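Have the structure open as you read.

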Amino acid sequence: MWEKKPVLFLLLATLAILVGTIVTMVIPFAWVNTEADRIATVTPYTPLQQAGRDVYIREGCNNCHSQTVRPLVADVLRYGEYSKSGEFVYDRPFLWGSRRTGPDLARLGGKYPDAWHTQHMEAPTSMIPKSNMPAYAFLNQNPLDPGYIRKCMKVLGFPYTEADIAALNGKTEMDAMVAYLQKLGTGIPKAAAAAVVGDLKNPFPKDPGSMQAGQQLFAQNCAACHGSHGEGGIGPELEPESYQDADLFKTIYNGITDNGMPSFAALGSTKVWQLTNFVNYRKEH
Amino acid sequence: MDWASVLYLGVTGGLLAVFILIVLRTCGKRNRSRLEEPKHRMLDDD
Amino acid sequence: METPPYNYAIVRSFIVWSILWGVVAVLVGVLISFQLVEPALNLPPYLTYGRLRPLHTNAGIYGWGIGSFFALFYYMVQRLCRTPLWSDGLARFQLWLFNATIITAAVTLLLGYTTSKEYHELEWPVDIMVVVLWVVFSVNIIMTIVRRREEQMYISLWYMMAALVGVAVLYLVNAAEVPVSLFKSYSAYAGTNDANVQWWFGHNAVAMVLTAPPLAVFYYFLPKSTGVPIFSHRISIIAFWSLVFMYLWTGAHHLLWTPVPDWVQTLAMAFSIMLIAPSWGSVFNGYLSMNGQWHQMRENYLVKFLILGITFYGLQTLQGPSQAIRTFSAFIHYTEWVPGHVHMGAMGWVSMVLFAAIYYLVPRLYDRELYSIPLANLHFWLVLIGQLVYSVSMWIAGLQQAGMWHALNSDGSLTYTFMETLVEMYPYWWIRAIGGVIYLAGVLVFIYNLVRTARSGKPAADAVAA
């Protein structure tokens, strides 16, 4: 039979291949990206954001950064609300990635201020001392090409105005990249921050051990924006002895997202108290 | 049983039948020596 | 018996070029492994990790892998069909197109022209070159088979033909994209659909490029090297149909816990486990073929490569399905464990089998004896140790990384920040890079041995001549 008839064999092999293909690859199109998946607040990319997305693809960022938060405790704590299918309907191609050499970026939007991203892209180790991310300062030198981006928007069928396109003049690939990163994961409303309950009493006021732990945490998490001595930078100067412990704790724990201050809830309350102690009671100046 | 379950069972059963037929045909006594022949033939082509 | 005028020149040429691209793949791999420990080695814009990593994978899979399969398929198809190649001219054209495609791929990837899809990064004009290449190749192989003088087809031909149609279907469907400019396109699919199509492609590229063709090679070169037929042709037939049927269901095991529909993930998980059976069918068939021949593991360097190769295939096809289980995937997915797994397949299974086939062929194609068997043994140990250092260090790294990512304090908060987990990786990344250097040294010994064989090996005794 087929072991003597190559043409018949090829047909049968193709048939064998097609069964699984149809069930697991073709049929899902009936479910995915349909009305049932739709999320009203998810919007297409603006010309600037799409230009940034194309830079992200060109530089192969997806080789080290994933863009899907899984519904697992540690994933959700570290990165935020788990990813929904409807959030990706405008992603051509998808950029979920397969490795986390660097952190997941699915919920990066709004987490840091623009200035943080620019400085981090220019010189990653200036923000995160032991980072192994390559520097992308050259993006500052590359101006955007509005005509080309208009063409991209047309192919993708995303809405835009001529004013949007005109606004790209004078913008660089760095601006586009930052705009894209700030859009990531913002299609659904931010989950309410875990409420801080209880009377917020500092469990170790001015305890030297906790101050020392706080100093280390400060260097890792705060110094990039507030300066290594709290003298300010992207973020404001931090004057010792000028906060209520409870208020400072809440600011660090919840962040002030409109201001660009990220939430550090993921550190856990113990470490946030240690940071609070260090920021408020360190001997400097 | 709804039609989806019937379809599911039908497809699964059909695929299983195909598999069993392949095994029976391949391992049946009738084809034994014929289907083993190529492994000897491939060695004496030098 | 009269021997038909086989075309060995094309086999030689493809072997030479595939080895060249193989060295490029390993060199770039070593470079990017050092970039991970020393970011200053990134030279933007062209030589950053993000642009070099696709070059590494493409040179490895398409340059070294497919390039040597071109060579070996052309050799095997002529011998197994006892008929010369259907078209020598077409094969010659294919050689040129192959090299043109790989060079275009390398240049465009470094320029940043990429679709971003893993193992399918090439942009649409290069895609078209790949498609033409594959059609030309398939036509030549299939026409040769059609005109064969051997009635019943040996199992290697089955795997070869399955690879031909498999790659064609996978590549064309996943390549659907809308061009914007000469080197930019957008995927025809969006979001979750795009992900599902891509990993249906991605995992089955492993089936149709890195499983079926090396199995064809293994089933041909093991009996040729030992002089004893395979244990059972019928087992290989049942394993064949099971493998080509079941592989296609499993793509979504790369997408466990993502927004891809749950039932697709569950099917992928179930079929991944079921795949152990046909995979190990081939492994047992290989081991049982060695019945009474195990002494050849000491005496015959070809057998060493082949048996270690099939052993790594066996390990790979146990580790793979275990990673496809939801709970284990939740732990190790996205970690360093995964490159450890992939490289056991690439450096252990596929490359070991290719090394053996090339060692078998080069003396016959050049009509000389192998320059040095001790060097072949040295090559064996270097690539074996290099690969084990790579994979084992990455498995340990992956487990530590996963443990740290998932660790929680008693108050329910995360124990480690991301950076605290990253800095723990540096020692492992150093070890991995050293493993890569050892492997590279092995490949260089291999090449030296082959060059000396072709240039100044002893003329072969008649018994060895093909």
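Asp91(A) comes out as buried, at 2% relative accessibility, in what is a predicted model. Its partner is Arg53(A): the two side chains meet in a salt bridge, 3.3 Å from N to O. The pair ties together distant parts of the chain, with Asp91(A) in the loop between α3 and α4 (114–122) of chain A and Arg53(A) in helix α2 of chain A, 38 residues apart. Arg53(A) counts as buried too, because its relative accessibility is 0% and the cut-off for buried is under 20%.

Arg70(A) and Asp75(A) make another salt bridge inside chain A, at 3.2 Å from N to O. Both Arg70(A) and Asp75(A) are buried. There's also a network made of salt bridges that share partners, joining Arg58(A), Glu59(A), Glu173(A) and Arg51(C).

Some pairs cross between chains. Take Arg34(B) and Glu3(A), whose side chains meet in a salt bridge at 2.9 Å, N to O. Arg34(B) sits in helix α2 (residues 32–41) of chain B, while Glu3(A) belongs to the segment before α1 of chain A. Which ends of this pair are buried, and which are partly exposed? Arg34(B) is partly exposed at 22% relative accessibility, whereas Glu3(A) is buried, with a relative accessible area of 1%.

Here are the individual salt bridges side by side; over all chains, a search of the whole structure finds 24.

| Partners | N to O distance |
|---|---|
| Arg51(C) and Glu59(A) | 2.6 Å |
| Arg41(B) and Glu150(C) | 2.6 Å |
| Arg34(B) and Glu3(A) | 2.9 Å |
| Arg70(A) and Asp75(A) | 3.2 Å |
| Asp91(A) and Arg53(A) | 3.3 Å |

Now for the interface of chain A and chain C. How many residues of each chain take part in the contact? It's 83 residues of chain A against 95 residues of chain C. Together the two chains bury about 7700 Å², and 66% of that is on carbon and sulfur atoms. The polar side is there as well: 29 residue pairs are in polar contact across this interface, both residues at pLDDT 80 or more. On the chain A side, the elements giving two or more residues are α1 (6–26), α2 (47–58), α3 (73–79), α6 (146–156), α9 (208–221) and α12 (269–281). Of these, α1(A) gives the most, with 14 residues. By type, the chain A side splits into 43 nonpolar, 24 polar and 16 charged residues. The rule finds four salt bridges across the interface, and Arg51(C) with Glu59(A) meets in a salt bridge between these chains.

Next up is chain C against chain B. This contact takes 25 residues from chain C and 20 residues from chain B. They bury about 2100 Å² between them, 59% of it on carbon and sulfur atoms. Which residues of chain C lose the most area to chain B? They're Gln152(C), Arg234(C) and Ile238(C), which together account for 32% of what that side buries. The count here is three salt bridges, and there are 11 residue pairs in polar contact, both at pLDDT 80 or more. On the chain C side, α2 (49–81), α7 (212–226) and α8 (233–246) each give two or more residues. The biggest giver is α8(C), with seven residues. That side divides into 15 nonpolar, five polar and five charged residues.

Last, a look within chain A, which is divided into domain 1 (47–183) and domain 2 (208–281). Their centres, taken over C-alpha atoms, are 27 Å apart. Nine residues of domain 1 touch seven residues of domain 2, and the two domains bury about 680 Å² between them, 69% of it on carbon and sulfur atoms. Lys111(A), Pro113(A) and Met127(A) supply 45% of the area domain 1 buries against domain 2, more than any other three residues.

Notes. Residues are numbered from 1 along each chain as its sequence is written. Chains are lettered from A and ligands numbered from 1 in the order in which they are written. This is a predicted model: local features need pLDDT of at least 70, side-chain atom pairs count only at pLDDT 80 or more; totals for chains, interfaces and linings use all residues. Side-chain values use heavy atoms; hydrogens and water are left out. Contact means heavy atoms within 4.5 Å. Buried area is the accessible area (1.4 Å probe) that two parts lose on being put together, summed over both. A polar contact is a pair of N or O atoms within 3.5 Å; within protein, one must be able to donate a hydrogen and the other to accept it, and residues adjacent in sequence count only if both atoms are side-chain atoms. Helices (H or I, at least four residues) and strands (E, at least two) are DSSP runs, numbered from the N terminus. Ala, Val, Leu, Ile, Met, Phe, Trp, Tyr, Cys and Pro count as nonpolar, Asp, Glu, Lys and Arg as charged, and the others, Gly among them, as polar. Buried means under 20% relative accessible area, exposed over 50%, partly exposed in between (1.4 Å probe, protein chains only). Domain bounds come from an automatic or database domain assignment.
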